[in-house]
Amino acid sequence: MSDNSIELRGVTKRFDNTVAVDDLSLTVKDDETYGFLGPNGAGKSTTISMLLDYQRPTEGTARVLGQDPQTDGAEVRAKIGNLPDQYSTYNKLSARRHLQFVIDTKGVDDDPERLLERVGLTDVINEPAGTFSQGMKQRLALAMALVGEPELLILDEPFTGLDPHGVRTVRDIVQAERERDTAVFFSSHILGQVELVCDRIGILHNGRLIAEGTLDELRANIDADEDASIEDIFVAYTHDSVRATTEGVR
Amino acid sequence: MRWFPLARKEFRGIVRYKGTWLFTLLLVYFGYQPSYVGYQGVGSDITIAYIQNFATLLLPLGVLLLSYRSIIKERRSGSLKIPLGLPLTRTDVLLGKIAGRTVGLGASVLVACLALGGYGLVRYGLFSPLRFVAVVLTTLLYVLVLVSIATAISAVTRRAITATVGVFAGLYLPLFAFWRSIVHWVNGMVTGAGANTATGGGVQTFAPGESYFLLLRLAPGNAYTVLTNWTLGVGNAARGYIGVIQQTQFASGMGGSTIVETALQDPPVYLHEAIGLLVLALWAVVPIGLAWLRFTRGDVL
């Protein structure tokens, strides 16, 4: 058993002429909650795609729970709970059937009802997902991610489309999973939520990890005030980086 | 069998889709073609031949239509991220899709076969149960072949429009609708022999060679027709059973025969009807095999 849930070494992902992820090295320990921050298009989802083997690195290696997602993808994903970004549920399938499908495929015997209770969806358990609002779909996907007590939760933009209650639910669940010693890796561009739940934060910009550390460490690095919000920090880091790149071009 | 739940989900989706059962009705409607010539040729087994009627053009069109979007649609919408994020390999995803769809569409085709069988039983009396079972099984194998080909196209295309154009212009039209004309044309180009063309010296009889026969039955639909004609016992030919009966019974002076036994003195082994099974097997395996190579390498989304 590896001590690290996620280990990326020099991972680069190129699409035709664009570099989505650029020489990314990153480690998430097996009991850590890691917030993966960055503006839209920074390469967060691409990175997560490589963890799940939706996509494969052009260069570098990725190890998830000690295994290579490219060769042992199914085994790796058996131990992962995954909430993808820009996914779609099956419109005609009920919430219960969605969960039953995941439960059966993972070969565990969780109770769909209990899982939906955790995300607050029990009242629509037999309704087809096609009738759900964006927030309800997001809750459903979160319940699916929780099937089989995963060792690692990968949540890609989990707050998308959620109302304040939903945001609170996600945060509570992340908190509960943390206490269960699940590693959590989640990406977000909604900054306020990240500081509330994360042990460590990495800031991705233009495919590069431009800063990494605890909130305090990040603050210290830019000589920010003690009460500098994560938003200030984020802007400071990405702004510098933007300036650096534009100057570099000139 | 990690893919079993996925197959079951696919299956449920298909049998709950109204279009699937509308398809069954259309199959029955197109299959039921009473024919004096047909009845003279095969007697009460004409009931079995009704299955071949619907399997010629409508079955491939329907199965392809109901299957070619299975992966590309989910890839575009993003729901493919669900199975691919689970403990399933990419191979599992292809297998689950094909298995679930084949059983689902197979069920709809089976119902059509049974409906025609039931009607025929009352109308024409008892047919050969063995032949009926053989033709039904061949038809279900044909469904598997079609689902497999459609899934292959769905797995390798990145845009829905490419899949649509590919499945019609690249597959259905040449291979199912116009294969005979294409083979005819190619044969004419190569051998210089047109089909019953009027020449200066009168009408030139169309006398195709072995390669013509082979080429004709390499298309999956024709391989199916050869197999079912074999079961019906009408003759070794890659055309609908009524046409074959017409040629054997009312052998017209016009044109050469499309039946192997009458056209060729000493037919080669590869023109044996059983080879049709091999042809179908290849169609079931080769396209999806090539798609598998592509689908399991590189990025899937």
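Between chain B and chain A there are three salt bridges, a salt bridge being a side-chain nitrogen of Lys or Arg within 4 Å of a carboxyl oxygen of Asp or Glu. One of them joins A:D104 to B:R8, with the closest N and O atoms 2.6 Å apart. The side of chain B that touches chain A draws two or more residues from each of α1 (4-15), α6 (72-77) and α7 of chain B; α1(B) gives the largest share, five residues.

This is a predicted model, in which local features need pLDDT of at least 70 and side-chain atom pairs count only at pLDDT 80 or more, while totals for chains, interfaces and linings use all residues. Residues are numbered from 1 along each chain as its sequence is written.

In contact (heavy atoms within 4.5 Å) are 28 residues of chain B and 27 residues of chain A. The buried area, the accessible area (1.4 Å probe) lost on putting two parts together, summed over both, is about 2,300 Å², with 58% from carbon and sulfur atoms. On the chain B side, B:K81, B:I82 and B:P87 lose the most area to chain A, together 25% of what that side buries.

Notes
Chains are lettered from A and ligands numbered from 1 in the order in which they are written. Side-chain values use heavy atoms; hydrogens and water are left out. Helices (H or I, at least four residues) and strands (E, at least two) are DSSP runs, numbered from the N terminus.
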